[in-house]
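Biologist: Please take me closely through one part of this structure, and state the cut-offs behind each term as you use it.

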Amino acid sequence: MKNYRLSKSQYTKARRCLKALYLYHHEEKSADPRSDFTQNILDQGLSVGELATSLFPGGTLIDAKFNQLELALAQTKKALETQPAAIFEATFQHNDVLVRVDILKNNSDGTWDLIEVKSSTSINPKSHYDDIAIQKWVLENSGIKLNTVNVMLLNSEYVRHGELELDKLFKIIPLNDEIHSSSERIESFIPTIQTALNKDSAPVTKIGSKCKSPYPCEFKSNCWKDVSSDSIHFLGKMTDAEKLKLANLGVERITEIPDDYKMKTNHHVEVLAFKTMKPQISESAIKEYLGELKYPLYFLDYESVAYAVPKYDGSWPYRQLTTQYSLHILDRPGGELRHKEFIHDEPSDPSRAVAEQLLKDIGDDGGSIIVYHLGFERARTEELAKALPDLADRLRSLNTRMWDLESPFAKRWYWDHRFSGSSSIKSVLPILKPEFSYKDLAIQKGDQAQTMYSKMVSMIEYNTERLKIKSALLSYCERDSLAMYLILKELFELFSDNAQKAAV
C-alpha cells in the first residue's frame with residue numbers, strides 16, 4: 001500500500017470529507033475553478049498571517065518554498081538549535097504527515113507555544129480544532145515540548161483609530177482542552193485516510209451542509225452533478241438531521257415525502273409546490289403587505305466591501321463598508337421610473353461620501369424604501385449612522401421606512417418550486433421575469449462585486465481597466481434595484497385590483 005504524504009490542510013479536508021481528499025489526489029481536474037472571491041479570502045488570510053508575526057520580534061522565518069521539503073526541515077532544525085524568540089513556518093514531519101506551523105513561540109524554558117493564525121474573528125470547531133490537533137500531534141512526535149496550543153484570531157471588538165495596534169487587533173486563545181477529542185482520533189484516522197486513498201474509486205459519502213460549510217468544497221459541482229432538481233437537498237434551510245430522517249424512510253425526492261409527514265410550515269409549502277407543480281400563494285397576506293407601501297417608492301440596493309484588517313479609522317475587522325448604491329424612484333402610481341446612483345471610487349473610507357449623497361437622493365418625504373433582504377441594508381445603514389454621528393438621525397430614519405421585498409418569498413406567501421429552496425433575488429427574478437437576467441453583465445454576483453471593488457480602488461486613476469470595473473460595478477448595482485422594481489410590478493399585477501395594477 002502506498003503511503004501518501006498528508007499536509008495539515010489535507011488532514012482537515014479528510015476529517016470533513018474523505019471523498020474530497022480522494023478527489024484532490026486522484027481527480028484534481030474535476031475541482032471547481034477558484035473564484036476571484038475565494039482567492040481574495042486566501043490572499044487576505046496570508047496578509048493576516050504575515051502581520052501577526054510582527055508581534056514576535058526576533059523571530060526566524062523558515063523561507064523554504066512549499067516544494068522544498070528537505071530544505072524546510074533542515075532550516076527548522078537549525079532554527080531550533082539557535083533558539084530564536086519565535087519560528088515562523090516551522091516545518092515538521094511525522095509518519096508521512098507534514099505540517100508548517102504559523103508561529104512557534106519560544107518560552108525560553110525548553111517549551112514552546114504553538115500558535116495557529118486564522119483570519120477569522122471567531123473559533124470554528126469544525127475546522128480549527130482538527131487543524132491545531134494534527135500540528136500538536138506531529139510536533140510532539142518530533143520531540144517538541146509544547147506548553148500551550150493556541151489559535152490567534154482577529155479581535156472583532158477592536159476599532160481602528162490612527163495606526164494599527166497589533167496587540168489589540170489580535171487575540172490569542174488557548175485550546176489545550178478543547179482539542180482533546182480531536183487529538184484522540186488522529187492515530188486511528190490516519191490509517192483510514194491512507195486506506196481510502198489507495199482504493200480504485202472514491203469513497204461513497206453523503207452530500208449535505210458539509211459541502212458548503214464552514215467553506216464551499218471545491219468538488220461540490222462534481223458531487224452534486226447528478227442530484228435531481230427535486231432532491232430533498234433543495235428544501236430551504238432543512239438541517240442535515242432532518243434530511244437524514246427522510247433518507248431513513250427511503251425518501252430522496254421532495255415528491256416522495258408522505259402527505260402526513262410532519263415538518264415546518266415553510267417546508268410543507270415547498271413540498272406542495274413540487275407535488276402540484278403550481279405556485280403556492282397566500283393572496284391575503286401578500287395583498288395586506290403590499291398595502292403598507294407609501295409613495296414615492298425608492299428601490300434601494302447597497303454594495304459593500306469588507307477588509308480583514310481595518311483600513312480606515314472607525315473600522316473593525318470585516319466591517320462591511322458601504323461603497324455604492326443604486327436607487328430607482330417611482331414618485332407616483334403610473335409615473336416614470338427615475339434612477340440615481342453613486343459609487344465611491346477612491347482608496348479611502350467611503351462612508352461619508354456615500355451617506356451624504358444618499359440622503360440628497362432619497363429625501364425625507366416618508367416614502368417607502370424597498371430593499372431585498374432587509375437585514376443587510378438595515379445593518380449597513382446603522383453602521384453608517386454609528387460612523388457619522390452628525391448624520392445619524394437622518395440615516396436611522398431611513399431604516400424605519402424600509403420595506404422588505406423578500407418577505408413574500410422568504411415567508412412562503414408566494415412559492416414556486418423552481419426557486420430551489422432559496423428566496424434570494426437571483427432565484428426569484430428568473431422565474432417571475434424570465435426575460436430579465438444578469439447574464440449579460442461583467443459582474444453577476446455580490447461577492448464578485450466586493451472583489452472587483454477592492455481591485456478597482458488599488459489601481460491608478462484613469463487606468464482603462466479601472467474604468468471598466470467601475471462601469472461594471474455600477475451596472476450590477478443598477479440591475480439589482482431595477483430587478484426589485486420588476487418583481488414588485490409583477491406582484492402588483494398578480495395580486496392587486498385593476499386600479500392598483502397600473503400603480504407600478
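**The sheet and its surroundings**

Modeller: Five strands make up an open sheet of mixed pairing, in the order β11-β10-β9-β12-β13. Its edges are β11 (337-343) and β13 (402-404), each of which pairs on one side only. From one strand to the next, the twist averages 30 degrees. Helices (H or I, at least four residues) and strands (E, at least two) are DSSP runs numbered from the N terminus, and two strands pair if DSSP finds at least two bridges between them.

The model is predicted, with pLDDT of at least 70 needed for local features and 80 or more for side-chain atom pairs, while totals for chains, interfaces and linings use all residues. Residues are numbered from 1 along each chain as its sequence is written, and side-chain values use heavy atoms, without hydrogens or water.

Within the sheet, strand β9 (residues 297-306) runs antiparallel to strand β10 (residues 320-330), and ten bridges join the two. Tyr-302 stands opposite Tyr-325 of β10. Helix α14 (residues 374-387) packs on the sheet and touches β9, β10, β12 (369-371) and β13, its direction making about 70 degrees with that of β9. Contact means heavy atoms within 4.5 Å; axes are lines fitted to C-alpha atoms, for helices over the stretch in contact, and angles between N-to-C directions run from 0 to 180 degrees.

Two further helices meet each other. Helix α13 (residues 351-362) and helix α15 (residues 392-401) cross at roughly 55 degrees, their axes coming within 11 Å. The pair is therefore oblique, a class for angles that are not under 35 degrees (roughly parallel), over 145 (roughly antiparallel) or 65 to 115 (roughly perpendicular). The crossing of α13 and α15 is left-handed, that is, the near helix is turned anticlockwise from the far one by less than a right angle.

Helix α18 (residues 446-457) packs against helix α19 (residues 464-495) at about 150 degrees, with 10 Å between the axes. That makes α18 roughly antiparallel to α19, and their crossing is left-handed. Among the residues that meet are Ala-449, Met-452 and Tyr-453 of α18 and Ile-469, Leu-473 and Tyr-476 of α19. The residues of this contact divide into eight nonpolar, one polar and three charged.

Key: Ala, Val, Leu, Ile, Met, Phe, Trp, Tyr, Cys and Pro count as nonpolar, Asp, Glu, Lys and Arg as charged, and the others, Gly among them, as polar.
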